[in-house]
Structure formats: structure tokens, C-alpha cells
Amino acid sequence: MEHLGSVYPMQGWRAQVCRFMEGRPYKLLAFITFLLYTVGGSTYLETLGVATIVECIGQVLLLGSLLISILLSYQAKAIIFRLTALLSIFSIGILVQGLSIGTTVRLEASMILIGFLLCGSPDFFSLTFADMASKGISAGLLLTLLLAVIGGQSLVGFVGEGGLLGFGFSCGMASKNFAAITAFGALSVQIIWCIRLGFKNCFQRYIISALLFAVVVMSGSRTTQIVCLFFFSLIIWHFFIPYCKASGRRGLAKWLKRVLVLAYIAGSMVGLLMVTSSGTYAYRYRGLTNYLNMYGNDIFHMLFGNAKMAFGNNSLSYVEAVRHNTGYSGTVELPLLSVLIKNGIIGLVGYIAAYVWWIIKTMKEERRESRGILTALIGSLLISAMVENFIVNVHIVYMPITFITMWALVRHQTNDTEVKPLFRGEHFA
């Protein structure tokens, strides 16, 4: 810490930020940001007409933190260049659609937040920030639940094709799927911290994790449940099996490895069967095929997107506008459809490039523990993308909390030409 003042420019300000990141205000910022972000999904606040305002305050706080992360980075120029390139790709389709200024600003704001999350800097985010963000999400879910109870709103809804329990618990949010994936995002961070602490002094985290896991189970959201199983299977593979080997339980380690290999094979086959034969999943893919059947030969809209069709009429919501134009025999949840509409094929290339960059970054991670967690996190994101648009949707906290955690995990203290952490002790040994 002491060397910052004598080696790098802006050292006084950086040193102050270092102290800020080690103090309570830093934790409070993370907690409040994600508390507001989560509560913005409350159906009760939506009936009061303030849900969007609350969500926007949380997003502005997060965007401010992301901006600070770039200003602090020792690779600021490279990051700004990368971010500018990605945002240009995301924005081309939106800017050429002839949308109103208000709609353009709103769409560009979401693209900026997505771009910052994908290609921003890790310097401001630590596992401490992710931990407090996770607790903020947990508190936000509890608050949305209480608000729904106070407002007399239903907490359960219909679950397509039966579900695990026959009903879907929404936790006071607009959708059971939103509640489930939000809970999983917070749950994954708590599990990471339990691993980091060697599962010692984790009683409070076990309680929080159990409650979050209960939301996932009771939600009836099959996608999130599959993602959750995948995440935990990789945690067992990367952490529990090596622990068994180290503790002399090699027989158990071999048995678990074989079970997981068979589970991956069986899970892949069952997942493929579900996607191809499930009525609800087929309904979602039909939304994509409907769009391609209507606009597949329209070079302009395929390249640059169809934002004017989806957002040009302020009297219709995004879902209503798309289905009104492409047909009601399909839905709009698929991320591929969402990207094609907002950004076109050009924007899709940007998303693919960003995620490939993260996959390569994960594969090159030298620390085994961090690499295992990163694999579980980005793998979970990609699996969710098969049927849900969580991976490209910043209105749900799952994507932001996951990328903040990933940025925290890739922080290095290496040579002077690379990104440096601003304080020590925040990653796995």
C-alpha cells in the first residue's frame, strides 16, 4: 500500500480510495446498491409507480462504481479502448433506427451498463464488495416479500408443465423466474465465501444460503434449478473432490468423480430432450423462429436490429410490441432474440467476442481455486442463456452480481504493467 504514493500518478487520490475500500462505507455502498437494485423488481412498488425509480437509483450507483473502477485502473487507456469498441458495436443498430431521443437514451444507458460489466476494470471490485452485494440482494428479496404481504399481493403463480412443487413462489417480484435467478446470484457468492473461509465461521452464511436456496426450489423455475445444480456440481468437482483426495479419501473422490461424469452426460441428454420436447421451451424458441421467418431476409434489420419495432411505440411494452408484430405463438425470453432485436447481428458479434474473451481469461487463470469458481460462474451464465435472457438483461441483478464476482476473482498482483489490486487479501490463496 505504501508504495502507491511514490510510484504512480494520482497517488494521493488512489491511496484515499484504498482506504475507502477497506472501510465500512465501501461495504455500505455495495449493500445499498444491490438492495435498491433488487427492490426495484417489487410488484408492490410497481403498483405505486416507483419501482423503476428505485431500480434506476441502484443502477446509477453501480454505474458510478464501474466508472471509478476504470479511472483507478493502471490499464485505463486499454480498458477505455476496449469498452469504446464494444459500445460502438452495441450502439450502431440503436442509433440508425430513428428512435426518439428518450428511447435512444434509455437503450444506450442499458448498453453502457452491460459494456462496463463485460469489459470494465476489476480494480474497484473485491470479494468483500460481492459479499455485501449478495447480502443486499438477500435483504432486497426479504423486503419485496414483506411489501407483497403488506400489499395483499399473491406470492405464488402458475408453473408451466407442473414444476417441482406444482406452484411458483415469486417472493413479491414480477416473475418467479426473476426471483429464482436473483436468489441464485446471491447464493453463489455466499458459497464462494464459504469456500474462501474453508467452511469455518460460516453459520450466518449457511442460514442465508439455505433461505436463498429455498427460494430457488419453491420458485418452480426449472432453468434456475438446472443452473443451480450445474454450479454445485462444479463446486464439488473443483473443491470437494480435491479435498477428499488430500484427506486420504481417494475411494470417495473416485466415486464422486464417476457420478459427476455420468451426471453431466445424463444431464446433457435430459436437458436437450427438455429443450426439444418441452412445450414451454418450444414456445420460447418459436418466438425466435417467428422473428426469423418475418425478418430473416431483411438485411438491414438483421444486421442492425429492429429496435424501432420493439420500442418505437410507447403505448406498448417490449413484449407486447414484439409479439404484436411477430405473432403470439411464441415468447421473447431467448437472449438470441433479444440481441437480434436490440443490436442485430453486429451486436451479437460483440456479445460473442466479450464472452469468448472471458472464457479465455478463465482458462488462463493461474490460481486453481479462482479458475474453478470462474468456470462455475460463467458456465452457469451460458447455461441460463439456452432459455432465458438473463445473460443480456441488466434489469435483473443476476448478471451484474456475477460479473462483479468474476472481476473480483481475476484481480492479480503481478508486474507493474498489469492491472494491480488496490489492496491485499481479497482473493483465494
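This is a predicted model: local features need pLDDT of at least 70, side-chain atom pairs count only at pLDDT 80 or more; totals for chains, interfaces and linings use all residues.
The crossing of helix 3 and helix 5 is left-handed; the term applies when the near helix is turned anticlockwise from the far one by less than a right angle. Residues are numbered from 1 along each chain as its sequence is written, and side-chain values use heavy atoms, without hydrogens and water.

Helices are DSSP runs (H or I, at least four residues), numbered from the N terminus. Contact means heavy atoms within 4.5 Å. Helix 3 contributes Leu29, Ile32, Thr33, Phe34, Leu36, Tyr37 and Val39. Helix 5 contributes residues including Val54, Ile57, Leu61 and Leu62. The contact residues divide into 10 nonpolar, 4 polar and 1 charged. Here Ala, Val, Leu, Ile, Met, Phe, Trp, Tyr, Cys and Pro count as nonpolar, Asp, Glu, Lys and Arg as charged, and the others as polar.

The largest nonpolar core has 103 residues. Such a core joins buried Ala, Val, Leu, Ile, Met, Phe, Trp, Tyr and Cys residues through side-chain atoms within 4.5 Å. Buried means under 20% relative accessible area, exposed over 50%, partly exposed in between (1.4 Å probe, protein chains only). Phe34, Leu118, Phe184, Tyr351, Tyr355 and Phe403 have the most contacts inside the core. Helix 9 (residues 176-196) supplies its largest share, 11 residues. Apart from this core lies another, of 6 residues, among them Leu35, Val39, Val54 and Leu147.

Aromatic pairs number 21. Rings of Phe, Tyr and Trp (its six-membered ring) pair if their centres lie within 6.5 Å; planes under 30 degrees apart are stacked, over 60 edge-to-face and the rest tilted. Phe90 and Tyr351 form a tilted pair, 4.5 Å centre to centre with 35° between the planes. Phe90 lies in helix 6 (residues 76-95) and Tyr351 in helix 18 (residues 344-364), 261 residues apart. Both Phe90 and Tyr351 are buried. The ring centres of Trp357 and Trp358 are 5.6 Å apart and the planes stand at 75°, so this pair is edge-to-face. Trp357 is partly exposed at 25% relative accessibility, whereas Trp358 is buried at 0%. Phe184, Phe213, Phe231, Phe232, Phe390 and Tyr398 form one aromatic cluster.

Methods:
Helices (H or I, at least four residues) and strands (E, at least two) are DSSP runs, numbered from the N terminus.
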